[in-house]
Structure formats: C-alpha cells, structure tokens
Amino acid sequence: MPYLLRFDTPHPLHGVAATRRMEECAAAQLPPNTLMQRAGLAVARLATALAPHARTIWIACGPGNNGGDGLEAAMHLQRWGRMPYVTWLGEADRAPADARAALARALDAGVRLRDQPPPVDQLGVQDVCIDALLGIGATRPPDGRMADWLAHMASSPALRLNVDVPSGLNADTGCPASPNATYLIASSAYPSSARGFFGTKGRIHTLSLLTLKTGLFTAYARDACGTVWFDDLDVALADAPPTAGLSGAPAVPHHAHASNKGSRGDVAIVGGETLRPASTALAEAGEPHPAATAMAGAALLAASAALHGGAGRVYVGLLGQPQIDCDVAQPELMFRDPQALPWASLTAVCGCGGGASVAALLPAILAQAPRLVLDADALNAIAHRPDLAAGVRRRAEGGLATVLTPHPLEAARLLGTTAAEVQRDRLAAAQSLATRLAAVVVLKGSGTVIAAPGLAPHINPTGNGLLATAGTGDVLAGLTGARLAAGQPAFQAACDAVYQHGAAADAWPRGHGLTAGALAKSLS
C-alpha cells in the first residue's frame, strides 16, 4: 500500500543496478507478472486517493514495463468505474512479456486505448495526469510523441503522478537525460509547493516502487518529483545493501546537569578577512579600492551558528586588519588573534570569508586541530596548493576529524573539473572528493550529499529555495563545528548539521524572507 514518505527517520536508497537485481530476485520467487500487478494496483490506489473527484484520469503509458504499470493501473480504475483515458506508445508484438500481459488485462477490463492525450481544456485542477512513460528504464531523453505528451502534462493544471521516476530523469543522479529534457520534468505551469516533501498539497507527486531511488532526492529531483510516496510491493529489502541513505532527524542533544561550558566544546572561527584601502584619501572619499575587502560578516555568521548550535565557547579569529573586537549584538563571542589560538584544543571552522589570508594559517591548523571544518576560501586554497591538500589527507592518518563543505564550484576546483560535471553526478563527485582527501565531504545544493571514505553516502531531505541567500553556507559551517565540538563523529555531525540547517528553512514562516543571520539565531 503506498504511503507518504516521512523524513524524520532514515531510509535506504538504491540505484538502478541494485533495483534491477532486487526486481529479478523477487520476480524469480513470485508467480509471473506479480510485481507489475502490485505496482499497477498501487498506482491506481494512490491516484484515487489524491484525486477522488477527478473527472479525467489520463494515463500516458510508454512501450516498456513502466507503461505496463500504467496499463495495470488503468485496468483497476476501469473496474472501479473511473473510466481512465489511456494513451500507449507500445506495440503488442514488441512489448516486454509483463507489459503484454498487462495490456491484455486492461483490454479485457474494457480499457480503451487512444492515440492522442485529452485536450488541455478537458484537464482541470481536480483531474490527474499519470506519467508511466519511462521510469527507471530511460536510456535516452524523451522525444517525439513522448516529449509532446510530457509537455502536455507540464502545461496542464491537473495533478501529476509520476510512476517510479519522472520520465526523463536519471534515477541514479537526479539529472535530466539531456538539457533539452529539463523543462519536461522540472517545470510546470502549476508547480508543487517549495516544501512539497512535507505535505500533499503540491500538484506533483511521485510513487517510487520496490525501492527508493537515489535520483529522487538530489539535483533536479526536488522540483521534478514533488511529494514522494513509496510502496515496496511487499518485497523484503533487508538483504539488499543500500547504494546510499536518506538522512533522518538528529536526536535532541542531552546535556548533563553537571555539565559546563568546557564540556560542551570550544569552537574557533577563522576567517572574515578585512583589508583596508591603501589610500586613506580614497577611503575617505568613499571610492572602492581593488585591495579593499570586508568579509567579517561571514565569520560572524559562522560564529553565531556555532553559538546557537550549542557550542560552549566560541572564539572568533578575524584575518587581515579587523576593526572588530566585540560584537555588541552577541557579546558571548570572544575575539582573539588567530595566531594565538590554541589549535590543539579547539574545533576549528576555517575559511568563511577568509580571502587570501587564510592560506598562511592553514598548515598549523591542519597539523594541530583535532576537529576541523573547511569552507569557502580554505577550500580554494587547498585546491591551488598540493601541499595543503596533502595536509588534509595526513589528518586521517593521525585520527583527526575533517569535514569539507564545498558548493559545486568549490568541489569542481578541488576535483579539477567543472561545476556542471559535479552536478551531473553529485553522489559520485562527493564520494570521489571524500576518497581523494580522506575526509567527510558535504556537497551543498538541492539534496545535499554527505560522503565519507568507505561509507555509503547520505542525501539530506530537508531544505528549500529560501536557503539560496548569502551567508547560509557560513551558518552551516558553524553549525557543523558545534556538532563536532560536542563529540559527534565527523560523518554523523555533518549529516545532523545539514538536516537541522535545512529543517530550519522548512519551518520558516511563509511570506517572510530568510536571512543568514536570522537562520543562525533560529538554531537554538
């Protein structure tokens, strides 16, 4: 029976190859056509539940087994008196055996096959379009009549239900099969809510069958899939090792009554480079100067997040020529000369607004800090200096915890590739970078990926487009530092920080803009 996927508990994810193996194993133990019959029934039940008053239920069926699932759903809907409107791209003599059986069952039930989709003006907001065209079987982008039908769905106000995977979406990576297919799967005249993962009011829904696919939760998938439902088709998954995991909500921290600020961990934020204009006359005239920077805000945002994220003490080591020695809005923050900080006893968060100055401090921090978060300009320095990259790798040999928090362009610099290549397969890119630098990697973006050497990567289910503002990455770095300082293992600290960061955005009041400063303070 389909159920709405909850994201407060973790879930195993499987790639296409793993799903195929499980499908073959299950099919060998069941009577013929059983899995497709169960899938079709699940689709019909969910469509009826989502749109009980639909006048038109259009099922667009492809030539393969995804189309067979749609034909099975049509058979049930026909028997229930719902009179589905069915289009099919297959040919009876070329269809897979299970799909041929589903076609026969549908025709026996009285289902009528049509050549064209229903007119757009026949599809209202209470109606349903079911995409059963490609599923995980996509090997090329939709074209011809299939592309026309998908465009027809995208322009319709009707509810859209994707069977297993939106057609044209790579079920492993969450990317379109081609750039030209993007508008077919990730846009609609009536899009889902930005928070569709947590409710059923969106216009786009996806029913994942047998397994939850990795590609449903990252890259373009958040927009393409809308609200995600799941039906395991009564097949046990216990013996199937997951390709990845979907993170669940972190446990609420418990602080012993006898705890103190020292027992909750010390975090030092190093960054916020400030360089003043070389010419005082230019500065007084308000003229910009190429050498002038003022990035203290990035470090202060990370420090605020560490403070509100639970750290016992937060030190701020500003780089360059800082003019700040106290934040009156947050007097709890303690400002120090970064050269004098005792790195061997701190959790360091390095790079937020660090500019070029951060590179000089990195060798000492890499060698001494027992727990370290590297972000922004620290990552750029590592990308350009092999000796610093080697210093990151040596930390693992000494049992020192390291978390890197790149966005796609920073990850591309570290990997020697392009941001487009990183986005093309986010899980592979994050895992490659984690292996290369022997560290935990948080690849930020829609469906943030958390990877570590020797572990299956995790994808974070929380967050939304409100986080696309300056400074939210600094907040994540500081929060990750607080969780490391509390004693969490690096991979778990990263997963929990990313989840909490995104959940704060999901809980943001509608109609109110999200700023990084307010986000940091909401973490308490």
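Predicted model: local features only at pLDDT ≥ 70, side-chain atom pairs only at ≥ 80, totals over all residues.
Two strands count as paired when DSSP finds at least two bridges between them.

Eight strands build an open sheet with mixed pairing. Their order is β1-β9-β8-β7-β6-β3-β4-β5. β1 (3–4) and β5 sit at the edges with a single partner strand each, so one side of each lacks a neighbour in the sheet. Strands of a sheet pair through backbone hydrogen bonds, and the sense is either parallel or antiparallel.

Now look at β4, residues 85–88. Which of its faces are covered? Both are. Tyr85 and Thr87 are buried on one side. Val86 and Trp88 are buried on the other. Strand β3 (residues 57–61) pairs with β4 in the parallel sense, over four bridges. Within this pair, Cys61 stands opposite Trp88. The chain gets from β3 to β4 through helix α3 (residues 65–79), and this β-α-β crossover is right-handed.

On to the next neighbour of β4. Strand β5 (residues 113–114) runs parallel to β4 and is joined to it by two bridges. Thr87 has Arg114 in β5 as its bridge partner. Helix α4 (residues 97–108) belongs to this step: β4, α4 and β5 form a right-handed β-α-β unit.

Move along the sheet to β8 and β9. Strand β8 (residues 204–209) and strand β9 (residues 227–231) run parallel, joined by five bridges. Here Ser208 stands opposite Phe230 in β9. Helix α2 (residues 34–50) lies across β6 (128–132), β7 (159–163), β8 and β9. Its direction is at about 155° to β8. Helix α5 (residues 144–154) also packs on the sheet. α5 touches β3, β4, β6 and β7, and its direction makes about 150° with that of β3.

Finally, turn to helix α9, residues 296–308. From first C-alpha to last, its 13 residues reach 18 Å, close to the 18 Å expected at 1.5 Å a residue. Is α9 mostly covered or mostly uncovered? It is mostly covered, with eleven of its 13 residues buried. Among them are Ala296, Leu300, Leu301, Ser304 and Leu307. What covers the buried residues of α9? The cover includes the strands β11 (266–275), β12 (293–294), β13 (313–320) and β14 (334–335). It also includes the helices α16 (472–485) and α18 (516–521). Just after α9 comes Gly310, with a positive phi of about 115°.

Technical notes
Residues numbered from 1 in each chain as written. Heavy atoms only, no water. Expected span 1.5 Å × (residues − 1). Buried < 20%, exposed > 50% of the residue type's maximum accessible area, 1.4 Å probe, protein only. Contact = heavy atoms within 4.5 Å. Right-handed = clockwise from strand over helix to strand, strands pointing away. Axes fitted to C-alpha atoms, helices over the stretch in contact; angles between N-to-C directions.
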